[in-house]
Amino acid sequence: MKSSAIFLFVLAASAQAGAQNIKPGLWELSVKVKSADAQTDQAISAAVKQLDSLPPEQRARLDAMMQQNGVTLPAVKSDGAMRRTYCMTAEMAAGKELPLPAQGQCSSKREPIAGGYKISYECSKPQARGQGTVLMNGDSAFTSTMDASSDAGNGRMQKVTVETTGRWLKASCSPKTP
């Protein structure tokens, strides 16, 4: 599930880029992953559909296993986007910091542009890189488009485009919200 590593890093990097102008509290992030390679795109679509169709007890077991690694399973929206909530604490917003995925050695750079940021990242473990833009809509919404690639495990890089939208839901987060 190499595309999930890309998803998690881009999710965090997108939110990180917008942290300067972001409200603390509960956010909803919706992510669509697309590939120019038809086979990869079909595999991503099939994985998303399979995730959406898991029986509740199987999904709960998989989610519990993933949470041991600091990851929660995203919900799947009717348009095929993966949806997840994210808690931005006041301290995180003030410090312009968001947690990156537990696994991986990654660095990112951001450069202000009109209305947002240009962002790039590079990871050595797992090997991945990407670049894109994050456009803020005030302090309670953003959109992001990233071109990313990661080691597909067979010696070649898998390339995808990741489109993310984020919207602020409320000022407080539940204790279980990552």
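**Salt bridges, the count.** I started by looking for salt bridges, and the count comes to three. I'm keeping in mind that this is a predicted model.

**Glu28 and Arg83.** I looked up the pair Glu28 and Arg83, whose side chains meet in a salt bridge with N to O at 3.6 Å. Glu28 sits in strand S1, residues 25-34, and Arg83 sits in strand S3, residues 82-88. That puts the two 55 residues apart, so I noted the pair as a link between distant parts of the chain.

**Glu28 and Arg167.** Next I checked Glu28 with Arg167, and here too the side chains meet in a salt bridge, at 3.0 Å from N to O. Arg167 belongs to strand S8, residues 157-170, while Glu28 is in S1, so this pair ties together parts that are 139 residues apart in sequence.

**Buried or exposed?** Glu28 has a relative accessible area of 10%. The cut-off for buried is under 20%, so Glu28 counts as buried. Arg83 comes out as partly exposed, at 34% relative accessibility. Arg167 is partly exposed as well, with a relative accessible area of 44%.

**Lys34 and Glu163.** Then I turned to Lys34, which forms a salt bridge with Glu163; their closest N and O atoms are 3.7 Å apart. Lys34 lies in S1 and Glu163 in S8, so this bridge ties together parts 129 residues apart in sequence. I looked up accessibility here too: Lys34 is partly exposed at 39%, and Glu163 is partly exposed at 33%.

**S1 against S8.** S1 and S8 run antiparallel and are joined by nine bridges. For a landmark in this pairing I picked Trp27, which stands opposite Trp168 in S8.

**S8 against S7.** What else pairs with S8? I found strand S7, residues 141-151, pairing with S8 in the antiparallel sense over 11 bridges. Here my landmark is Thr143, which stands opposite Thr165 in S8.

**The turn.** Last, I followed the chain from S7 to S8. The two strands form a hairpin, with five residues between them. In the turn I found Gly153, which has a positive phi of about 90°.

Terms used: Residues are numbered from 1 along each chain as its sequence is written. This is a predicted model: local features need pLDDT of at least 70, side-chain atom pairs count only at pLDDT 80 or more; totals for chains, interfaces and linings use all residues. Side-chain values use heavy atoms; hydrogens and water are left out. A salt bridge is a side-chain nitrogen of Lys or Arg within 4 Å of a carboxyl oxygen of Asp or Glu. Helices (H or I, at least four residues) and strands (E, at least two) are DSSP runs, numbered from the N terminus. Buried means under 20% relative accessible area, exposed over 50%, partly exposed in between (1.4 Å probe, protein chains only). Two strands pair if DSSP finds at least two bridges between them.
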